[in-house]
Amino acid sequence: MPRKRASHRGLVLGAGGVLGSAWMIGALRAIETEQGIDVRDHDVVVGTSAGSVIAALLGLGVGADVMVNSERGIFEPGYPVLDYRDLGASLPPRPRMRMGSPRLLTATALHPRQASPMVALAALLPQGRGQIAAIGDLVSAAVARLDEPLDPLSAKRSASVPPGARRGRTPTALKPNGWPRSPGLRVVAMDFDTGGRVLFGSESAPPAPLPEAVMASCAIPGWYAPIRIAGRRFVDGGTRSPASLDLLADSDLDEVTVLAPACSFECDRPRGAVALVERQMRRAATRRLAREIELVQAAGIRVTVLCPGPEDLEVIGGNMMDLTRRAEVFETSLRTSTQALRALQQVPVRPARAAAAAGAAASAGATGPRRTGATSPRGTGAASSRGTGATGPRGTGATGPHAAGGTGRGAGATGPRRSEKSLDQPGRGARATTGGAAGGGVEDQNADLGLVG
């Protein structure tokens, strides 16, 4: 009898600023605690903007425990410290009085249906003056740690060395280019002149040192200066997509866990003008993520999503770069993410055919997001493509818009993949709750740009 193949798992860490970073660290710790896994053991890790920093640290062998202790002010000699105060104030410095990218603005005007409003805005914003070298230094410190590892006795006594290290975890090996051999690390940035995404770490991407790739992924247009790599300018990958989950649609993964701090399937009702604008941008990002979930599910990949819920958003406020809220955001995420994961574990799983039927029925008559999908406690929104049509207690949590009808690999319900071009067009909104495959072509917007591997 042939041996069953081990499940291939992916981890996607999205954009979200310094507060999104704190939120994701809390969520990662909750995943390890509730699922009994080491998040460094995923086969592929994709990071965008703030998520690229955490993805790089995980790829370089820095465990979630180390990041958790760093958030709580417990620092260990030889380990990087997640201190973002060197990035400057919580507001951008005065920019240069020149357009960010005239070439990108021209490309947007010539192909308006292929560009999102965020891309057009990035082209129009004046060039940022902020420096993001502190991010590169953080990643470089993690690389240097591999060259000078702790001796076994120090590692055993260390309070911040993750459990995997105490179990004699195999040290992370680096490729000749300085990137980790395992997991497959990918860092998403946007070409500031063409608007296409580049997946640093893939074979087709321009060669780049890992610290520079992460800096490029974090360079917010209008705030930080673009990062030059191989003669081209790159900026924050979150400008194109909050998580770039769709780039995994053609992978051989069986399941993907997504942490998307820039999205929310259930928002709060803030009063401040800045927070109201942020929530509008968050809704647009959530619509994009919902379409990417549908695309990846159509490829037969199981998707589980964690996003901030109303309780998290109340703590986050309207400025994702507000350093003063970081500790509270982390502690809140640690609690709400744990609650969301426990709620997902309690949802009964239907057979694939029954789940597909539930998804079809929901798409025909659903009027709101609570008609389908697995829900989580109020606080953190969690969506899972486990093929269930069950909902949680009324008035709690955020529903994953594609939970019902989603299938895992081998469930027999895969459909044609939609093009990335269609993902940049206006969608039905976050309340659309259809599941399963969507029709469309197989062309990719970035294929003719030659950017995405």
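Reply: Start with Asp236. Leaving out residues up to four places away in sequence, Asp236 touches Ser49, Met190, Ala216, Ser217, Cys218, Ala219, Ile220 and Pro221. Contact here means heavy atoms within 4.5 Å. This is a predicted model, in which local features need pLDDT of at least 70 and side-chain atom pairs count only at pLDDT 80 or more, while totals for chains, interfaces and linings use all residues. Residues are numbered from 1 along each chain as its sequence is written, and side-chain values use heavy atoms, with hydrogens and water left out.

Where does Asp236 sit? Its place is strand S6, residues 232–236. Helices (H or I, at least four residues) and strands (E, at least two) are DSSP runs, numbered from the N terminus. Is Asp236 buried or exposed? Asp236 is buried, at 7% relative accessibility. Buried means under 20% relative accessible area, exposed means over 50%, and partly exposed lies in between (1.4 Å probe, protein chains only).

Now turn to Ser49. Ser49 lies in the loop between strand S2 (44–48) and helix H2 (50–59). Ser49 is buried too, with a relative accessible area of 6%. Its contacts, again without residues up to four places away in sequence, are Ala15, Val188, Ser217, Cys218 and Asp236.

Why take these two together? The UniProt annotation "active site", from an unreviewed entry, covers Ser49 and Asp236. UniProt positions are given in the numbering used here, feature names are shortened, and annotations may be inferred rather than shown by experiment. The two residues span 188 residues in sequence, yet no two of their C-alpha atoms are more than 5.7 Å apart, so they gather at one spot.

For contrast, look at another buried residue, Glu278. Glu278 has 12% relative accessibility and counts as buried. Glu278 forms a salt bridge with Arg279, where the closest N and O atoms are 2.5 Å apart. A salt bridge is a side-chain nitrogen of Lys or Arg within 4 Å of a carboxyl oxygen of Asp or Glu. Glu278 also meets Arg282 in a salt bridge, 2.8 Å from N to O. Glu278 and Arg282 both lie in helix H10 (residues 273–298), 4 residues apart, about one turn of the helix. Arg279 is buried, with a relative accessible area of 1%. Arg282 is buried, at 1% relative accessibility. By this rule the structure has 16 salt bridges.
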